[in-house]
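Trainee: I have a model open and would like to learn how to read it. Can we go through it together?

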Amino acid sequence: MAEPLGAKKHTLVDHLMGEGGVHAHAEGEHDHDHDDLGEHDLENDALWQQDHITLVSVGIDIGSSGTQVIFSRVYMRRLAEELTSRYFVVKRETLYQSPVALTPYQSDTRIDERAVGDIVDAAYTAAGIHPDQIDTGAVILTGEALRRENAKAIADVIAEMGGEFVCAAAGHHMESLLAAYGSGAAKASHDLAKPVLNVDIGGGTTKLALVEGGRVVHTAAIHIGGRLVVVDEGRITRLDPAGRQLAKNAGFQWNVGDRVAGADLDRLAGWMADALVAALTQGSTPAPVDALWLTDALEPVEGIAGVMFSGGVAEYVYGREERDFGDLGRRLGHAMRKRVDAGLLPFPLLPAGECIRATAIGASEYSVQLSGNTVYISNPAALLPRKNLQVLQPDISLDGAIDAARVTQAIARHFEAFDLVEGQAQVALAFRWQGPPSYARLAALAQGIVAALPMTVLEAKPLFLVLDGDIAHSLGALLKEEWGVASDVLVIDGISLWDFDYVDLGRVRMPSYTVPVTIKSLVFSEDPRGPRPGSHSHGHDHGHSHDHEHGHGHHHHAPGGGA
């Protein structure tokens with residue numbers, strides 16, 4: 001464990017951006033330690049301090065079967081990139097990593113919030129860290145834990161306990177994404193220059209992700225997991241509805257309290273492994289396998305360079321764990337490995353990356369830049385302030401002729417990929433703008449946005465748009481004046497945001513008419529985006545253990561005018 005943190009409270013106020021984008025520590029308050037880079041006194045080097053930031057972060061992952069807490073210290077450096085400056089992680093230290101505790105349940109429908117709180121409290125105590133010392137963090141609920149009736153309440157309570165947080169509840173698609181990045185599969189696909197399949201087998205669900213060139217292209221989830229049946233001294237003590245159905249598929253009529261033989265548990269694990277192999281390799285599968293999909297089925301995958309397993313069950317697939325926790329995890333892991341070794345899963349087995357901690361690791365890295373040019377605000381009083389706006393960055397290229405229908409389609413697909421419902425979820429749509437701000441191009445973008453958000457527009461809910469190009473005024477005016485949308489509109493430009501970022505928007509400050517924007521990133525340990533042309537790479541060693549999910553914030557002011 002790294003050196004203990006000092007007792008002094010340090011907050012994101014330490015990192016407020018000064019005039020002209022200068023990163024200024026308050027006098028005498030810069031209590032973040034910095035790397036020792038030789039004899040030069042870097043602590044008092046103002047230029048060095050502008051470009052280097054250290055944050056303390058916490059990640060809390062509440063999953064179907066396991067709950068874990070990780071504290072990290074993250075060192076960031078600002079790297080100039082064209083006309084913007086971004087902060088990248090250059091080094092990380094894991095300050096404390098809690099044991100993975102079994103997620104406590106009060107009943108089939110409720111997580112035991114008090115017990116979860118005790119797990120988190122114990123982690124803070126063991127780490128010797130007080131919530132006031134946390135700069136940033138995230139709570140993520142995944143898998144079956146999300147289905148519990150009090151999941152959202154728990155996320156909110158845990159977030160309040162911990163300090164400055166982003167709170168994200170990952171749906172099946174999002175969890176598949178997180179696992180693929182956290183396991184290292186995304187990086188493997190980039191390094192091999194071939195598609196890779198990530199299979200994340202958790203306690204309640206298996207998340208599937210096909211990754212190409214470091215980018216996740218398909219995700220899916222299927223109801224197979226290692227803790228859907230729990231046995232103690234030969235008797236069933238927990239049987240999820242999915243576990244009961246899986247047992248039935250394997251030929252058993254089981255109830256809680258029944259005695260079961262080890263051979264029968266092996267037979268069930270074998271059926272589950274066969275079902276997973278069938279789901280991944282067969283175009284049409286038997287009805288019992290079809291019924292297990294929690295999402296649309298994964299499209300048939302061909303030409304992939306290999307398969308990587310993650311999640312708790314992967315510890316057994318790779319032979320890194322042999323203990324039996326009274327569930328199906330060990331048996332299912334061994335059954336999957338047998339089928340891989342026998343060639344039934346016709347993809348080479350890639351070396352293990354992160355297994356049980358993959359999803360938690362999946363949001364472990366920051367990528368932030370602190371600059372803004374202009375802002376369009378149709379109604380400051382109604383739009384601001386806003387906290388924890390989730391960012392969606394639709395997969396659309398805006399570098400040539402812009403097709404409004406393609407913009408609409410890209411936005412709609414992205415809502416679906418993040419398990420969000422348009423008109424219910426409040427999000428900030430982020431776009432990369434390239435090329436001239438001609439009327440025809442801007443009008444097509446505006447038309448595509450309006451068509452993609454029918455319920456938002458119909459119910460006059462606010463529209464939040466963020467772009468990296470300097471077009472906020474033009475786009476805002478088009479939406480309000482030409483399209484006549486009743487919604488209040490806020491457009492900020494000069495900022496590059498990504499999926500898994502969250503933003504807080506402060507009140508307009510007069511007389512400068514600036515809006516403080518705090519960007520909190522939930523980005524990946526293996527950044528799928530890679531360095532853009534002309535930019536620097538992250539500069540950190542992918543071979544070391546990764547720290548875990550956290551959002552982080554930095555303020556910057558986006559100057560500009562409103563409508």
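Trainee: What do the labels stand for, and what counts as pairing?

Mentor: Helices (H or I, at least four residues) and strands (E, at least two) are DSSP runs, numbered from the N terminus. Two strands pair if DSSP finds at least two bridges between them. Here, β8 (residues 206–212) and β9 pair in the antiparallel sense over seven bridges.

Trainee: In what order do the strands of the open sheet lie?

Mentor: The order is β9-β8-β7-β12, four strands with mixed pairing. At the edges are β9 (215–222) and β12 (306–310), each pairing on one side only. From one strand to the next, the twist averages 20°.

Trainee: Which helix packs on this sheet?

Mentor: Contact means heavy atoms within 4.5 Å. Axes are lines fitted to C-alpha atoms, for helices over the stretch in contact; angles run from 0 to 180 degrees between N-to-C directions. Helix α4 (residues 172–183) packs on the sheet and touches β7 (196–201), β8, β9 and β12. The direction of α4 makes about 125° with that of β9.

Trainee: How are β7 and β8 joined?

Mentor: By a hairpin through four residues. β7 and β8 run antiparallel, with six bridges. Ile 201 stands opposite Thr 206 in β8. The hairpin of β8 and β9 has two residues between the strands, and there Gly 213 takes a positive phi near 55°.

Trainee: How many residues of β8 are buried?

Mentor: Buried means under 20% relative accessible area, exposed over 50%, partly exposed in between (1.4 Å probe, protein chains only). In β8, six of the seven residues are buried.

Trainee: Which residues of α5 are buried?

Mentor: In α5 (residues 185–192), Ala 185, Ala 186, Ala 188 and Ser 189 are buried. They lie on the same side of α5, because they cover an arc of only 160° around the axis. That arc is taken from the directions from the helix axis to the C-beta atoms. Their cover includes α4, β7, β8 and β12. After α5 comes Ala 193, with a positive phi near 60°.

Trainee: At what angle do α6 and α7 pack?

Mentor: Angles under 35 degrees count as roughly parallel, over 145 as roughly antiparallel, 65 to 115 as roughly perpendicular and the rest as oblique. Helix α6 (residues 241–249) and helix α7 (residues 262–281) pack at about 95°, with axes 9 Å apart. So α6 is roughly perpendicular to α7. Leu 246, Ala 247 and Asn 249 in α6 meet Leu 268, Trp 271 and Met 272 in α7.

Trainee: Where is confidence lowest, and where is it highest?

Mentor: pLDDT is the predictor's confidence in each residue, from 0 to 100. Where it is low, the predicted coordinates should not be read in detail. In this protein, the lowest confidence is in strand β13 (residues 367–369), at a mean of 28, and the highest in helix α10 (residues 329–341), at 97. Over residues 1–39 the pLDDT is below 50.

Definitions and conventions. Residues numbered from 1 in each chain as written. Predicted model: local features only at pLDDT ≥ 70, side-chain atom pairs only at ≥ 80, totals over all residues. Heavy atoms only, no water.
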